[in-house]
Amino acid sequence: MPELIEDPSTTTKPPPTTAVPGRWRQLSLVGGTLLVDSTEAGLINGLFPVIRQALGISLSGLGVLTAAGKIAGVITGPLWVWAARRYSRKSVLAVSSGFWGVFGIGAGFAQNFTQLLVLCTLLSAGYAAAGPLANELIGDLFDSRSRGRAVGVLYGTLNLTSSLLAPLLGQLAGVEDGWRWGLWGIGTLNVLVGIALCFWLRDPGPGASEDQLAGLNQATRTAQAKVNRAQVAALFRIPSLVVLLCSRLLSGHLLLLIFGVVFLVDVYGFSTQVAAVVMLPMGIGYFAGTLLGGVLSDWAVRRNPRNGLVVVLQTAQFAFAVVAFFGTQIDYGGIGLFAFFFGLMGLVQGINPGVNRPMLMAVTLPELRGAAFTVYLNVFEAIAWAMFSLGAGYLGDVIGLRQVFLWILVVLMVLNGLFLTLLYPVYARDVAAVEAELDRRRAQAQDPAGTPPPPSTT
């Protein structure tokens, strides 16, 4: 694995430009669209032991709930991104991650598994817009030198907030119909977030934070950022993106968020209320990990633009596998050591968003990032969620969750780390191709009478 050493051959970047005004305030609004999504999913996962008792659901039902929502996102995610292109990202986010919360309120009234499945799937179909559009906005609000920190702060704060809420929501297990009250409350929060987006979100437009394009007005940047089908199809000819997509299918740590509480209940005999306690240190660890990942990401870009991010991302996969073994395969008797190792797993897992998101942004053009994140989050990550949740649910009934966690959280994560070695020969080349295209656009904007070469499909 290459060391993080200075790369003297790296081309000098243009000097830093003026930051997008109010970018951190806008980031907080974008974060609100993701918070309600993660909180809703956390409620279902954390309170599933009582939900399955109330509605008579087997363990595999949790896998079906998760998989159905992710599959719905595969279909609706691209549609939401298309709608954002036709109308605006602001209006689409307000509807899909805001007013769509009425389906969450409806889920609180479900009387059987079928009703809960339909309403939660519809809810997930709306939430599918938040991931790609939020990450696309981050790429337009922050330049390459600060994206890691921005992503780290965003995802860290989201997961810290969710983890702080998890033990509180877990106490709803002791309240009659507590899970219903939780769904009603979160659905109402969704609607309030939609109202806030309508009033205060300001979209800077595509390419607003790029050094080469920041000096151009939004109309010029938008005119240069037209997207056609050939460009979207060409995303799959970017080697680094293909490796990142395939790596997402090997990201076994996703399983921990779905089955973590149920795992401790079924394998080690804790009550739902006690098991839910581990979500707090896990969330705190994830928060610390995202901040650490953001700092490492920005440092790695400065230290070695060629492969620094690859080193950090690959190391995180190996570290998670080691911690997951000690955190899931040994019976410590009490919840204390489990909470400690769940915190460490959250720490290592939290490094990923601050690294892989900036990497994806670096190898795609501004106008294609929404499509790239749709493929990354709403297709490949959704497929991974579906595979892990369905597989773990059914295999958990047959061989037990302990063995499932060993193979997916430990063995598969080692394979994922080895697979990421494929990024070393291609990542720097893909980043350079994007920067060359942005340089070409700036030259064309400054000399419109010239005859520039045809635009890149990178």
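**Note on aromatic pairing and burial in a predicted model**

1. Phe 103 has a relative accessible area of 24%, which places this residue in the partly exposed class. The model under review is predicted. Trp 100, at a relative accessible area of 21%, is likewise partly exposed.

2. The count of aromatic pairs comes to 14. One of them joins Trp 100 and Phe 103, with 5.3 Å from centre to centre and 50 degrees between the planes, and this pair is classed as tilted.

3. A further tilted pair involves Tyr 268 and Phe 338, whose ring centres are 4.7 Å apart and whose planes meet at 40 degrees. Tyr 268 belongs to helix α13 (residues 254-268) and Phe 338 to helix α17 (residues 335-350), so the pair ties together parts that lie 70 residues apart in sequence. Tyr 268 is buried at 12% relative accessibility, and Phe 338 is buried at 0%.

4. Tyr 268 and Phe 338 also belong to one aromatic cluster, whose members include Phe 263, Phe 270, Tyr 332 and Phe 405.

5. As to the chain overall, the secondary structure consists of 21 helices and zero strands. Of its 458 residues, 57% count as buried. Among contacts between residues at least 6 apart in sequence, 84% join residues at least 24 apart. The chain exposes about 18,000 Å², of which carbon and sulfur atoms supply 68%.

6. The structure holds zero disulfides. Concerning cysteines, Cys 120 is buried, because its relative accessibility of 12% falls under 20%. Cys 198, with 39% relative accessibility, counts as partly exposed.

Methods
Residues numbered from 1 in each chain as written. Predicted model: local features only at pLDDT ≥ 70, side-chain atom pairs only at ≥ 80, totals over all residues. Heavy atoms only, no water. Disulfide = S-S within 2.5 Å. Buried < 20%, exposed > 50% of the residue type's maximum accessible area, 1.4 Å probe, protein only. Helix = DSSP H or I, 4+ residues; strand = E, 2+ residues; numbered from the N terminus. Contact = heavy atoms within 4.5 Å. Areas by Shrake-Rupley, 256 points an atom, 1.4 Å probe, with all protein chains shown as cover. Phe/Tyr/Trp six-rings, centres within 6.5 Å; stacked < 30°, edge-to-face > 60°.
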